Amino acid sequence: MNPAKPELSKYRSEFPFTDRVTFLAHASFGPLPQRSWKATEEYYDCLRLEQIKDMDKVAFDKLDDIRAMTAQMIHAKPEETAVVTNTSYGLNVAAWGLDLKPGDKVLLSDVEFPGNTYPWTNLRQKGVTVEFVPSKNKCFDIDNLLRAIDARTKVLAISFVQFFNGFKIDLKTIGQICEEKDIFFVVDGIQGIGNLEIDVKECKIDLVANGGQKWLLSSPGTGFIYVSSEAKREINPSFFGWLGVDWKLDFSDLFKFDLEPFPSARKFEIGTYPYSQIWTMHSSLQLLAEVGIRNIQSHSQALLDLLIEHLRKKDYHITSRLESDHRSCILSFSGKDTEGLFRKLRKHNIITSLREGAIRVAPHFYNTADEMEKLIQLL
Ligand SMILES: Cc1ncc(COP(=O)(O)O)c(C=O)c1O
């Protein structure tokens, strides 16, 4: 089987390193497509050329597009998304905006990425209780979640896909539980959004936080949040700034100190944006929309199938779960000398990540079956 769809191969030229380097570490960071690099240059051109006269309009149009494109990616409405600088910012929007009281309980997973633990454990200074739901074989376990929930439980915050083994959680079932128990459902989407289909409405998610630097192929300093218009509780913008209100692009009279916050999620955007990265993100999101999330998912998983087939025949231990409900675009495995193998792959310009004692392989839509074959040859 050759899983590389011909129409995807045309995107190889967006990634000029591919003739020398096999990059399979999108769960760590995303490379910049050529068109996004050009878009970033265009931003700086705008600053030094005559387009400078239209800067505000161009920038705000791009931000509108980003809100719309990120919303589309997760089946939300544009007014439910806001542009932020990283995942952690979005998680803090929830942690501080929810007005949690002493004794209220937040549930996390005991195998969570620390980006989604510190914003919550920081609330202990307010008397909030933070509890880690025990995982089962390093995967989030719904029975243990049910055991941990009590009348004080107000929030569950969890990753869509676990960073080290790629375990995709059952968002729909968990969302249903949160709905029934009136628990605010927060999802760190960074390891799944951009490579897996997700419907935030169907999964009854209240807030998603998502950095752009990995699967969205954007640069560090970009990201978005989704705050559901039907969220269980209102989130107060605990940080608030001048770009959280509507100037209608008229900055001629700025002594207006009592404008109302945007009714949309835009109220969480507080000040001047990292514009060069906004140009980058805009272009990368357009590329992902062109390729299509469903294609990205099926292509990346078909590439991983090739690897799985080989690993099963050899003496390797796959640390990811392979049931379709829990599979993502990340596959992890270990062997007799995992670190040595990781170094060997690097020496041959095959870039993976080493996480929690396993090699993490995370292909994107422009990777090919030949690249997987190269990796397999070295195993
Ligand atoms: C699950 C998860 N959440 C968050 C992050 C990063 O958070 P931030 O965008 O705030 O740096 C990572 C990886 O860096 C991650 O794997």
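Student: How far apart are the closest N and O atoms in the salt bridge between Glu 131 and Lys 105?

Tutor: This is a predicted model, in which local features need pLDDT of at least 70, side-chain atom pairs count only at pLDDT 80 or more, and totals for chains, interfaces and linings use all residues. Residues are numbered from 1 along each chain as its sequence is written, and side-chain values use heavy atoms, with hydrogens and water left out. A salt bridge is a side-chain nitrogen of Lys or Arg within 4 Å of a carboxyl oxygen of Asp or Glu. For Glu 131 and Lys 105, the closest N and O atoms are apart by 3.2 Å.

Student: How many residues apart in sequence are the parts that Glu 131 and Lys 105 tie together?

Tutor: Helices (H or I, at least four residues) and strands (E, at least two) are DSSP runs, numbered from the N terminus. Glu 131 lies in strand 4 (residues 129–133). Lys 105 lies in strand 3 (residues 105–109), so the pair ties together parts whose separation in sequence is 26 residues.

Student: Is Lys 105 buried or exposed?

Tutor: Buried means under 20% relative accessible area, exposed over 50%, and partly exposed in between (1.4 Å probe, protein chains only). Glu 131 has 30%, so it is partly exposed. Lys 105 has 3%, so it counts as buried.

Student: Which residue, in the loop between helix 6 and strand 5, pairs with Lys 105?

Tutor: Lys 105 meets the side chain of Asp 150 in a salt bridge (3.0 Å, N to O). This pair links distant parts of the chain, 45 residues apart.

Student: How many salt bridges does the structure hold?

Tutor: Glu 323 and Arg 321 form one of them, at 2.9 Å, N to O. Glu 323 is partly exposed at 35%, and Arg 321 is partly exposed at 31%. Salt bridges that share partners also join Lys 77, Glu 80, Lys 201 and Glu 230 into one network. The count for the structure is 25.

Student: What separates the C-alpha atoms of Arg 321 and Val 106?

Tutor: Arg 321 is in the loop between strand 9 and strand 10. Val 106 is 215 residues away along the chain. The two C-alpha atoms are separated by 26 Å.

Student: How far is the backbone oxygen of Lys 168 from a polar atom of the His 326 side chain?

Tutor: His 326 sits in the loop between strand 9 (317–318) and strand 10 (331–334). Its relative accessible area is 15%, so His 326 is buried. Contact means heavy atoms within 4.5 Å, and beyond neighbours within four places in sequence, His 326 is in contact with Gly 166, Phe 167, Lys 168, Asp 170 and Arg 321. The Lys 168 oxygen lies from that polar atom at 2.7 Å.

Student: Which helix holds Ser 284?

Tutor: Ser 284 is buried, with a relative accessible area of 1%. Leaving aside neighbours within four places in sequence, Ser 284 is in contact with Pro 33, Ser 36, Leu 216, Leu 217 and Ser 218. It lies in residues 275–291, which form helix 8.

Student: Which strands are included in what covers the buried residues of helix 11?

Tutor: In helix 11 (residues 369–378), the buried residues are Ala 369, Glu 371, Met 372, Leu 375, Ile 376 and Leu 378. Their cover includes helix 9 (293–313) and helix 10 (338–347). It also includes strand 1 (22–23), strand 11 (350–351) and strand 13 (358–361).

Student: How many charged residues are in the shell around the ligand?

Tutor: A residue is near a molecule if one of its heavy atoms lies within 4 Å of it. Around the ligand stand Asn 86, Thr 87, Ser 88, Phe 113, Ser 159, Phe 163, Asp 188, Ile 190, Gln 191, Gln 213 and Lys 214. Ala, Val, Leu, Ile, Met, Phe, Trp, Tyr, Cys and Pro count as nonpolar, Asp, Glu, Lys and Arg as charged, and the others, Gly among them, as polar. The shell has three nonpolar residues, six polar, and a charged count of two.

Student: How much of the ligand's accessible area does the protein cover?

Tutor: Oxygen atoms of the ligand lie 2.7 Å from an N or O atom in the Thr 87 side chain, 2.5 Å from a polar side-chain atom of Ser 88, and 2.8 Å from an N or O atom in the Lys 214 side chain. A polar contact is a pair of N or O atoms within 3.5 Å; within protein, one must be able to donate a hydrogen and the other to accept it, and residues adjacent in sequence count only if both atoms are side-chain atoms. Accessible areas come from the Shrake-Rupley method with a 1.4 Å probe; for residues, only the protein chains shown count as cover. Of the 400 Å² that the ligand has on its own, the protein covers 85%.
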